Amino acid sequence: MKINKKILNIVAIIAFIGLLFFMDNTFDSYKIRIVNLCGIYVVLGLSLNLINGFTGLFSLGHAGFMAVGAYTAALLTMSPAVKDMNFFLMPIVPFLANVEWPFFPALIMAGVVAAIAGFLIGAPALRLRDDYLAIATLGFSEIIRVIFTNTQTLTNGALGLKSLPTHTNIWWSWGTAILTIAFMVFLTRGSYGRAFKAIREDEIAAEAMGISLFKHKVISFTIGAFLAGVGGALLGNLLGTIDPLMFRFFLTFNILLIVVLGGIGSITGTVISAVVVTVSMEALRVLDQSMDLGFIIIEGIPGMRMVVFSALLMIVILFYQQGLMGTKEFTWDWFTKNRGFKQILKKDVK
Amino acid sequence: MTFQFFMQHLTNGISLGSLYALIAIGYTMVYGILRLINFAHGDIFMIGTYVAFYLITLAALPWWLAFIFAIGITVLFGMSVEKGAYKPLRNSPKISVLISAIGASFLIQNLAIVIFGGRPKAFPIPDMFNQIINIRGVSIVSLTFYIPVMTLAILFVLVYFIQKTKTGMAMRAVSKDYEAARLMGIDVDKIISLTFGVGSLLAAIGGIMWAMRFPQLAPLMGVMPGLKCFIAAVIGGIGNIKGAVLGGFLLGVGEIMIVALLPALTGYRDAFAFILLIVILLIKPTGLMGQKLTEKV
């Protein structure tokens, strides 16, 4: 049975790579961009789910870590000529002026710098609980944004960085996503994952069982920050332009939305909802344009898309709190015995 | 630095601080009762200013009548937000309610962008609030003087209401223990609704005064003040009205003074609130005037 599952896993991954290959070759650039965004949001959603869902720390600082990662990767991968072009108000700090790294080390570095930021922020802030932690992390991400707006020689301030090398393609984004999924599965099944979940369920009981609260919280937070940094770097190198305004609270909220819709504490749920949310955000763009129904033309109202989107979100939160998966995960048993659907139905009836 | 220079900035700081205080009270009251960060508070504040703006410009009401109606409408709006977004989740996990609050806030903002348009609008300031008074070389707009007076008056009424009336007592009971209050025959839902009403009232008054001080209306204008006032409430010790006022003044005066005394840090003005918040939370995790909470096993 065990070997069976391994084979199934490998087959699934190969099938998925085949699908990616198919999409890479047949889709136009707009669709490929959406596929890329899906992969990136999977990474970001999982990283927030690790902190919020598995460890139960209510953090709202994700946009800050993403900003750190995106800027690090951008500054490391841009060629000196492009940097010269960007920094026309004030020259860039000398130690960054002439570096040009390949994408992979830059991506790792982005994660590492974000993880360091996460550690420095987490170590003091994780003593706080619930709402206080939420507002403190939100505060930190705002501070990071304000700092980036004001450090002209390092980040080019409010002007942002333009013409980033667009390294991110389907293989980078979904490769990272698959690695992240695998990492999260191993992490949550291992002793650290169990400790995280114990902390989520009951801090005092977990501490009584000999789990070091502080150590595990900081580890979870730092890993989450690392993944957020990598996600931010992928996003920056996909869009080709970044500025501090991009990393507002709204971005954190988008990711939080993915986590909540998928089910707080479910890897499968986060992956599915990352794809669903990203695709539907694009699909709803129709609402902003005017529609021709043949006999009547409905004027498009700019911004309508976001209204519908937030309204949908509210409906889900109010009437379907468990999210897509609750805390359940996809397993092959679930699939073969076909009991999963019944279980979900049972839970709903209760 | 001259005395005039200092006084000039101090008055500005106090007036900004009292605005913060006014809005922070709304946050703190809601938190005290529901243990919920009402993320939509800043947007209720924004709605208040827009309603006042339209009543003055479109309905051509005299400003005082427009303000009264605007406040009334905002109160109803705030109460319906509570009915729609928070009441159905009364027994849900905290994270659901918090996300619902953030969701409500985004829904209101996006609706405002569609309905009011994204372009900023200029708020008409009544003449009474726009006169320049000169006291010993310190020139202030009359509004700067009215704001703290208004805040203090409201604070006194509010403290009287909470401490002396029966409804106020019910509010305090609900914030102490929700279940026990219900057993004592208090209509908890009504009290919560009322609390939201009072909070929205303060948000509307604060919003209108804010719009006169910074006369530019935009659908996202409530976000930053909302965050800062929440921070003011947390700094003072959330759930504590006097704490909210203290936090508001601290934040307002601090923000203005930093910019006045250290002009090099002007760009970091918005970060000041967050830095102050984090420093105070680390020293005193429940805020300056908050009670220490111990968790029972």
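Predicted model: local features only at pLDDT ≥ 70, side-chain atom pairs only at ≥ 80, totals over all residues.
## The contact between chains A and B

Chain A contributes 32 residues to the contact, and chain B contributes 34 residues. On the side of chain A that touches chain B, the elements giving two or more residues are α7 (130-150), α13 (249-262) and α15 (304-319). Of these elements, α7(A) gives the most, with 11 residues.

Sorted by class, the side of chain A that touches chain B comprises 22 nonpolar, six polar and four charged residues.

## A hairpin in chain B

In chain B, strand β2 (residues 132-135) is paired with strand β3 (residues 138-141). The pairing is antiparallel and runs over four bridges. Within this pair, Ile135(B) has Val138(B) in β3(B) as its bridge partner.

Together, β2(B) and β3(B) make up a hairpin, with two residues between the strands. The turn includes Arg136(B), which has a positive phi of about 45°.

## Phe140(A) and its surroundings

Phe140(A) belongs to helix α7 of chain A. The residue counts as buried because it has 26 C-beta neighbours inside 10 Å, where 20 or more are required.

Apart from neighbours within four places in sequence, the residues in contact with Phe140(A) are Gly61(A), Gly64(A), Ile121(A) and Ala125(A). Asp288(A) lies 148 residues from Phe140(A) in sequence, and the C-alpha to C-alpha separation of the two in space is 34 Å.

Conventions:
Residues numbered from 1 in each chain as written. Chains lettered and ligands numbered in written order. Contact = placed C-beta atoms within 7 Å. Nonpolar A, V, L, I, M, F, W, Y, C, P; charged D, E, K, R; others polar. Pairing = 2+ DSSP bridges. Buried ≥ 20, exposed ≤ 12 C-beta atoms within 10 Å, placed from the backbone.
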